[in-house]
Amino acid sequence: MKKIKKFTAFILAAVLIFTLTSCNSNSSSSSEAIKADEVTAPFNSRADETLVPETGIGTKTLVAYFSATGNTKSVAEKIAAIIGADLYEITPAEPYSDDDLNYNDENSRASKEQKDKNVRPEIAGEELNISDYAIIYLGYPIWFGQAPRIMNTFIESHSFENRIIFPFCTSASSGIGESANDLKSSAKTGNWMDGMRFSSDATEEQIQSWINGSNL
């Protein structure tokens, strides 16, 4: 009888040990599964955000410029060559003559346009699909301390949302001043970087130095 009791006790002890071991194993597996989910879920979320591009935003770089006398064109072409960007000239529907650009004549076309903040000269030429570009270098001359009004026409004709804008200008002596901020206000969208003023004979080294300093 004693042997039977001892055997029964042995069996019960074995069953109890097996049960406890099984529970610990399931608990450990469950804990590992939770930890795995905690790591995997945020990682997949971040990966999705990285892999899915912004809707309608391309990856190319553009240099868009207006140049009435060729000075800004020269700098724009150098920038495009250095960074391998597309080049787009903002062409007025009515070209500017020498008389139009006579800044000493208050009745010249340029003088009148710059005095009226609401003027928007029409743009001609090939239509630009800005959705192809994520980075845009925007060039123009300085007229009476400001960007020519045709730049406002161009700015207000496109959306710069989620794009990086690098304004640059050319002038004999005037700095970029508030011209870039005025264009930024006109655009209402875009991530506008600090602008740069160049002389008409700016060297590739000077332009390269500015590009390198952008930390892009």
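**Group meeting: salt bridges, a core and a helix pair**

Okay, let's start with Asp100 and Arg109, whose side chains meet in a salt bridge at 3.8 Å, N to O; by that I mean a side-chain nitrogen of Lys or Arg within 4 Å of a carboxyl oxygen of Asp or Glu. Before I go on, this is a predicted model, so local features need pLDDT of at least 70 and side-chain atom pairs count only at pLDDT 80 or more, while totals for chains, interfaces and linings use all residues. Residues are numbered from 1 along each chain as its sequence is written, and side-chain values use heavy atoms, with hydrogens and water left out.

Back to the pair. Asp100 is buried, with a relative accessible area of 16%, and Arg109 counts as buried at 16% too. Buried here is under 20% relative accessible area, exposed is over 50%, and partly exposed is in between, with a 1.4 Å probe and protein chains only.

Arg109 also bridges to Glu113, at 3.0 Å, N to O. Those two sit four residues apart in helix 3 (residues 109-115), about one turn of the helix. Helices are DSSP runs of H or I with at least four residues, strands are E runs of at least two, and both are numbered from the N terminus.

Then there's Glu156 with Arg120, again a salt bridge, 3.0 Å from N to O. This one links distant parts of the chain: Glu156 is in helix 4, Arg120 is in the loop between helix 3 and strand 4 (123-124), and they are 36 residues apart. Both ends are partly exposed, Glu156 at 42% and Arg120 at 31%. Shared partners also join Glu94, Asp100, Arg109 and Glu113 into one salt-bridge network.

Now the inside. The largest nonpolar core has 29 residues, and Met151 and Phe154 are among those touching the most other members. A core here is a set of buried Ala, Val, Leu, Ile, Met, Phe, Trp, Tyr and Cys residues joined through side-chain atoms within 4.5 Å. Its contributors, with at least two residues each, include strand 5 (133-141), helix 4 (149-156) and helix 5 (179-187).

So what meets what between helix 4 and helix 5? Met151, Asn152, Ile155 and Glu156 meet Leu183, Ser186 and Ala187, where contact is heavy atoms within 4.5 Å.
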